[in-house]
Amino acid sequence: MTFTACLEGRARRLGRRIAFPEGDDPRVAEAVAVLRRREVVDPVVVEAGGGDVLRRAAGMLTEGVVDGVVAGAVHTSAEVIRVGLRGVGLRPGVRTLSSSFFMEVGDFRGRGSEVLTFTDAGVVPNPGPRSLVEIAGEAVRLRRRVVGDEPRVAFLSYSTRGSGAGRSVKRVRQAVERFREAFPEVSADGELQADAALIPEVARVKAPGSVAGGSANVLVFPSLDAGNIAYKLVERLAGATALGPILQGLRFPLNDLSRGASVEDILHVAAITALMADGSGSRSRARSPARHACT
């Protein structure tokens, strides 16, 4: 079973209500019809007119009328993020809104197809050490909920364990130290080059004894430039399926779509949004838990 098919099945068991404030868009209308027919979620179309439709959807979310919101097929990312910050707000203790992409890739290390988390590739341009720690922590939380496996975190750089130097390398090293203090239970390492993070043979040479080298499934990029370029290259050159950007850090799940999103993209983000609502404070009645892994 593919990752996307697994997402759909797990979401179906939850019975979550997901709001769509862009129901006039033909892609959204078709996705809503498919979601309703397959019973993946209980879709709620927020009608246009009578004021800012995104704000009304956010109000429904915070009032517990719905469990999540999916928007962005028509509105810009800036508009969606602004409503998320002002209308929904950050979860207590979170200071940085960020995002993750779930990248479903083919077999590249002899384990079959895999799902990698790329973070942040959609929101924060130049995160400092504190922001990198928070971004990584939110990505770990999101992966556990959506993918269902144990995260192994690699903080990426052009340097592996001192092979290079510079301001950005120092920033990544500081983030790794702080992350280990904040999340001692999570396997994490850095700074690591991408090949040392992903390929066991390379990790044995460049980062011997690394707890995440060669096996990382959460890749923390040092900047938005690096993360955004990387996910698009992997998507286009390696034929990966890119799901996201999934917003992380909000009190309740509100997710952004690309304005070029396909019907399938909307279906996948809706399923992810339903899984994010599981146990996040949602007040609807789920039919059953859905916690097994999609790996």
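The lining of the largest cavity in this predicted model divides into six nonpolar, three polar and five charged residues. A search of the whole structure finds two cavities of 30 Å³ or more. Helix α5 gives the largest share of the lining of the largest cavity, four residues.

**Largest cavity**
- The volume of the largest cavity is about 150 Å³.
- Its lining has 14 residues, and those closest to the cavity centre are Arg91, Arg141, Gly249, Leu250 and Met276.
- At least two lining residues come from each of α5 and β9 (241-248).

**Helix α5**
- Helix α5 covers residues 129-146, which makes 18 residues.
- From the first C-alpha to the last, α5 reaches 26 Å, close to the 26 Å expected at 1.5 Å a residue.
- Of the 18 residues of α5, 15 are buried, so the helix is largely enclosed by the rest of the structure.

**Second largest cavity**
- The second largest cavity has a volume of about 60 Å³.
- The elements giving two or more residues to its lining are α1 (3-12), α2 (26-38) and α10 (263-277).
- The residues that line the second largest cavity are Thr4, Glu8, Val34, Leu35, Arg38, Val40, Leu267, His268 and Ala271.
- By class, five residues of this lining are nonpolar, two are polar and two are charged.

Key:
Residues numbered from 1 in each chain as written. Predicted model: local features only at pLDDT ≥ 70, side-chain atom pairs only at ≥ 80, totals over all residues. Heavy atoms only, no water. Expected span 1.5 Å × (residues − 1). Buried < 20%, exposed > 50% of the residue type's maximum accessible area, 1.4 Å probe, protein only. 1 Å grid on protein atoms, 1.4 Å probe; cavity = no way out; pocket = protein on both sides within 12 Å on 5 of 7 lines; lining within 4 Å. Points joined across faces, edges and corners; volume = space filled by probe spheres on them. Nonpolar A, V, L, I, M, F, W, Y, C, P; charged D, E, K, R; others polar.
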